[in-house]
Amino acid sequence: MLSGVPMHAFASQTWALLVGISKYQKLPQDLWLQYPDADAAAFADFLSSPQGGAVPKDHMLVLTNEKATTLAVKQGLHGFLRDRPEKTDTVYVLIAGHGTVDDTGAYVLTWDSDPENLAKTAIPMAELHSMVEGELNRAGRVILLADVCRAATIAGQKTSSLGAVVEKLGESPGEVLGLMAARPRELSIEGPDFGGGHGAFTWSVLRGLMGAADADHDGAVTAGELIDFVTRDVSKLTGNKQHPRDFGNMDNSTRLSELKRAATNP
């Protein structure tokens, strides 16, 4: 599908893997998070709406808290999305929760990850990279939303260097839009002030896609408009403490949400 044409036009479809982990079986409760699970659920609600494309529930896999085990997330990456999307389709991947880096690599922590044995119990960032590349061989485009810098340290391991690893996902061939929640050495902020309880980043992305990012008021939100809006909005919401970054090669004119569709399908 050509850039600038609505992503749900013609025979195109949208698929989504949405992971939000607030609670962790093997982390102390003071390292648990508040709202990644709400972020994933809210994003699923948006995709189900007319402006999000009225994506059918069987096109989305939502994994939160105890359902987001390492096995379940891997099955989502390599099973749920495998062989389903076609060249005209769009794939969303939202990862919200803890990420960390140790001397064996960079990882996304799942419900049952053991911070003392990440190599065997967490999701390697390299595996996520392989999934993105695999999807780009099948789907028309991939939109990756990464909010994984939620703590300064986990079991003595730094999380601040994770951003550079995530950015490498945007080097995959094909049409990719990546949004990282924060700069290196910044933490991702969450709280009840953001939509009643969300991460500032996901709340801003949702607001943008629902119309706040439509700078030219043409009834659609493009990739470029979303990047510009989220970059400004998250900084404002967090008192200049958090600054999202974009990566990838998606054309700025690619339309991500259709507001007119929402108006005609209440």
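How many salt bridges does a search of the whole structure find? The search finds four, where a salt bridge is a side-chain nitrogen of Lys or Arg within 4 Å of a carboxyl oxygen of Asp or Glu. The structure is a predicted model, in which local features need pLDDT of at least 70 and side-chain atom pairs count only at pLDDT 80 or more, while totals for chains, interfaces and linings use all residues. Residues are numbered from 1 along each chain as its sequence is written, and side-chain values use heavy atoms, with hydrogens and water left out.

**Overall architecture**

The protein chain contains eight helices and 15 strands; helices (H or I, at least four residues) and strands (E, at least two) are DSSP runs, numbered from the N terminus. Of its 266 residues, 57% are buried, a term that stands for under 20% relative accessible area, with exposed meaning over 50% and partly exposed in between (1.4 Å probe, protein chains only). Among contacts with a separation of 6 or more, 76% are between residues 24 or more positions apart, contact meaning heavy atoms within 4.5 Å.

**Salt bridges**

| Glutamate 127 | Lysine 74 | 3.7 Å |

In the salt bridge of glutamate 127 with lysine 74, glutamate 127 belongs to helix H4 (residues 125–136) and lysine 74 to helix H2, so the pair ties together parts that are 53 residues apart in sequence. Glutamate 127 is buried at 17% relative accessible area, whereas lysine 74, at 28%, is partly exposed. Glutamate 258 is also buried, with a relative accessible area of 9%.

Aspartate 233 is buried, with a relative accessible area of 9%, and arginine 207 is partly exposed, with 26%. Aspartate 233 also takes part in a 2.8 Å polar contact with the side chain of serine 204; a polar contact is a pair of N or O atoms within 3.5 Å, of which, within protein, one must be able to donate a hydrogen and the other to accept it, and residues adjacent in sequence count only if both atoms are side-chain atoms.

Serine 204, which lies in helix H6, counts as buried because its relative accessibility is 0%. Helix H7 itself has 15 residues (223–237), which should span 21 Å at 1.5 Å a residue, and its end C-alpha atoms are 21 Å apart, in agreement; the expected span is 1.5 Å times one less than the number of residues. Its buried residues, including Leu226, Ile227, Phe229 and Val230, are covered by elements that include helix H6 (200–212) and strand E10 (175–180). Glycine 239, with a positive phi near 60°, follows H7.

Tyrosine 107 stands opposite proline 124 in E6.

Threonine 69 is found in the loop between strand E2 (60–64) and helix H2 (70–80), and a polar atom of its side chain lies 3.0 Å from the backbone nitrogen of alanine 72.

Note on methods
Two strands pair if DSSP finds at least two bridges between them.
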